[in-house]
Amino acid sequence: IPVTMRRLIARFRSSSAAIALDPTKFRRFALEGVRKINHNSFVYKFRLPTPDHVLGLTVASALLVRAPIGPNGEDVIRPYTPITLNDQRGHFELLVKAYSQGNVSRFMANLKAGDRLEFRGAIPK
């Protein structure tokens, strides 16, 4: 694990917040809801494991989204940067623009509350 990630993990552990993300493996989070911003942009709100969990990202770092939507069912992975604050507990939000040719954004457009999506991170920028 990179030094910056170790520092971040130590900081959150000392603040009693549980970290939801893992930089080495994907974890599934349930969609709480979707809010339409305009004709092709949406905010997706995902629930963390408990109300005390935080994502555990550093400023400007991203997380990876994995969806099994390739032509032969293989995984497609894309980076996203949450719009919630790093110390937000219990949930996180992603602002996603739906592109007609965007594999993951089109997949996300079909998600319903309760559906799960896989995430991994943090990915420092």
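Contact here means heavy atoms within 4.5 Å. By that criterion, and leaving aside neighbours within four places in sequence, Leu-63 is in contact with Leu-21, Leu-55, Leu-57, Arg-78, Pro-79, Tyr-80, Pro-82, Phe-92, Leu-94, Phe-119 and Arg-120.

The model is predicted, so local features need pLDDT of at least 70 and side-chain atom pairs count only at pLDDT 80 or more, while totals for chains, interfaces and linings use all residues. Residues are numbered from 1 along each chain as its sequence is written, and side-chain values use heavy atoms, with hydrogens and water left out.

The predictor's confidence in each residue is given as pLDDT, from 0 to 100. The chain averages 89, and 87% of the residues score at least 70. Helices (H or I, at least four residues) and strands (E, at least two) are DSSP runs, numbered from the N terminus. Where pLDDT is low, the predicted coordinates should not be read in detail.

Leu-63 also belongs to the largest nonpolar core, which has 24 residues. A nonpolar core is a set of buried Ala, Val, Leu, Ile, Met, Phe, Trp, Tyr and Cys residues joined through side-chain atoms within 4.5 Å. Buried means under 20% relative accessible area, exposed over 50%, and partly exposed in between (1.4 Å probe, protein chains only). The residues with the most contacts inside this core are Phe-46, Leu-63, Phe-92, Leu-94, Met-108 and Phe-119. At least two core residues come from each of β2, β3, β5, β6 (76-80), β7 (91-97), α2 (103-109) and β8.

Charged pairs are the next topic. Side chains of opposite charge can pair when their charged atoms come close. The structure holds 6 salt bridges, each a side-chain nitrogen of Lys or Arg within 4 Å of a carboxyl oxygen of Asp or Glu. In one of them, the closest N and O atoms of Glu-32 and Lys-45 are 3.6 Å apart. This pair links strand β2 (residues 27-38) to strand β3 across 13 residues. Glu-32 also meets Arg-47 in a salt bridge, at 4.0 Å from N to O. Glu-32 lies in β2 and Arg-47 in β3, so this pair ties together parts 15 residues apart in sequence. Glu-32 is partly exposed at 32% relative accessibility, as are Lys-45 at 28% and Arg-47 at 38%.

A further salt bridge joins Glu-118 and Arg-66, at 2.7 Å from N to O. Glu-118 is in strand β8 (residues 116-123) and Arg-66 in strand β5 (residues 62-67), 52 residues apart. Arg-66 is partly exposed, at 21% relative accessibility.
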